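Reader: I am new to this structure and would like to know what stands behind the words used for it. Please take me through them one at a time.

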Amino acid sequence: MISKHSLHWFKIEAYHDIGDGGLVATVAEMMFASRLGVALEDQSVESLFAEEIGAVLQISKADWATLEAEVAESSLKDAIAVVGTVNDTDTLTVNGLSLD
């Protein structure tokens, strides 16, 4: 069972809601603040611009594996997903296309 106490073990490196501008605007704003690049993978046009309730969290790969395993048995299992990866390029890449 997942609880608010069980989620304190991982470090959130960055957080931004997607309610205003959608995923692509959220990730771009996170890039400006961090000066890092992001590669978004397997994203539809709708998912890039949908202004919905949700958030983007940046956590380490090791923390993701642990979080994914813990959430797998909860009602949140379909509410979390990897949407991309952070890199040192200072470039936003969407489905393999660089947006310089």
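Reader: Why is I12 called partly exposed?

Author: The model is predicted, and I12 has a relative accessible area of 44% in it. Buried means under 20% and exposed means over 50%, with partly exposed in between. The value of 44% falls in between, so I12 is called partly exposed.

Reader: Why does S74 count as buried?

Author: The relative accessibility of S74 is 12%. Buried means under 20%, so S74 counts as buried. The residue S74 sits in the loop between α3 (61–71) and β4 (84–87).

Reader: What does the side chain of S74 reach, and how do you know that the pair is within the limit for a polar contact?

Author: The side chain of S74 reaches the backbone nitrogen of L76 at 3.0 Å. A polar contact needs the two atoms within 3.5 Å, so the distance of 3.0 Å meets that limit.

Reader: Is Q43 buried or exposed?

Author: Q43 is buried, because its relative accessibility is 13% and the cut-off is under 20%. Q43 is placed in the loop between β2 (37–40) and α2 (45–49).

Reader: With which side chain does Q43 make a polar contact?

Author: The side chain of Q43 makes a polar contact with the side chain of S47, at 2.9 Å.

Reader: What makes L67 buried?

Author: L67, in helix α3, has a relative accessible area of 8%. That is under 20%, so L67 is buried. From C-alpha to C-alpha, L67 and I80 are 9.6 Å apart in space, and they are 13 residues apart in sequence.

Reader: Why is R35 called exposed?

Author: The relative accessible area of R35 is 69%. Exposed means over 50%, so R35 is exposed. R35 belongs to the loop between α1 (22–34) and β2. Phi of R35 is near 60°, a positive value in a residue other than glycine.

Reader: Which value makes D90 exposed?

Author: D90 has a relative accessible area of 52%; since the cut-off is over 50%, D90 is exposed. D90 has a positive phi of about 65° although it is not a glycine, and D90 is found in the loop between β4 and β5 (92–94).

Reader: How many residues line the largest pocket, and how much space lies in it?

Author: The largest pocket is lined by 42 residues and holds about 1,300 Å³ of space. A55, V56, L57, A81 and V83 lie nearest its centre.

Reader: Which element gives the most to that lining?

Author: α1 gives the most, with five residues. Elements that each supply at least two residues include β3 (55–58) and β4.

Reader: How many helices and strands does the protein chain have, and in what order do they run?

Author: The protein chain has three helices and six strands. From the N terminus, the order is β-α-β-α-β-α-β-β-β. Of its 100 residues, 32% count as buried.

Notes. Residues are numbered from 1 along each chain as its sequence is written. This is a predicted model: local features need pLDDT of at least 70, side-chain atom pairs count only at pLDDT 80 or more; totals for chains, interfaces and linings use all residues. Side-chain values use heavy atoms; hydrogens and water are left out. Buried means under 20% relative accessible area, exposed over 50%, partly exposed in between (1.4 Å probe, protein chains only). Helices (H or I, at least four residues) and strands (E, at least two) are DSSP runs, numbered from the N terminus. A polar contact is a pair of N or O atoms within 3.5 Å; within protein, one must be able to donate a hydrogen and the other to accept it, and residues adjacent in sequence count only if both atoms are side-chain atoms. On a 1 Å grid over the protein atoms alone, a cavity is a set of points where a 1.4 Å probe fits but cannot get out, and a pocket is an open set with protein on both sides within 12 Å along at least five of seven lines; lining residues have an atom within 4 Å of a point. Grid points are joined across faces, edges and corners, and a volume is the space filled by probe spheres set on the points.
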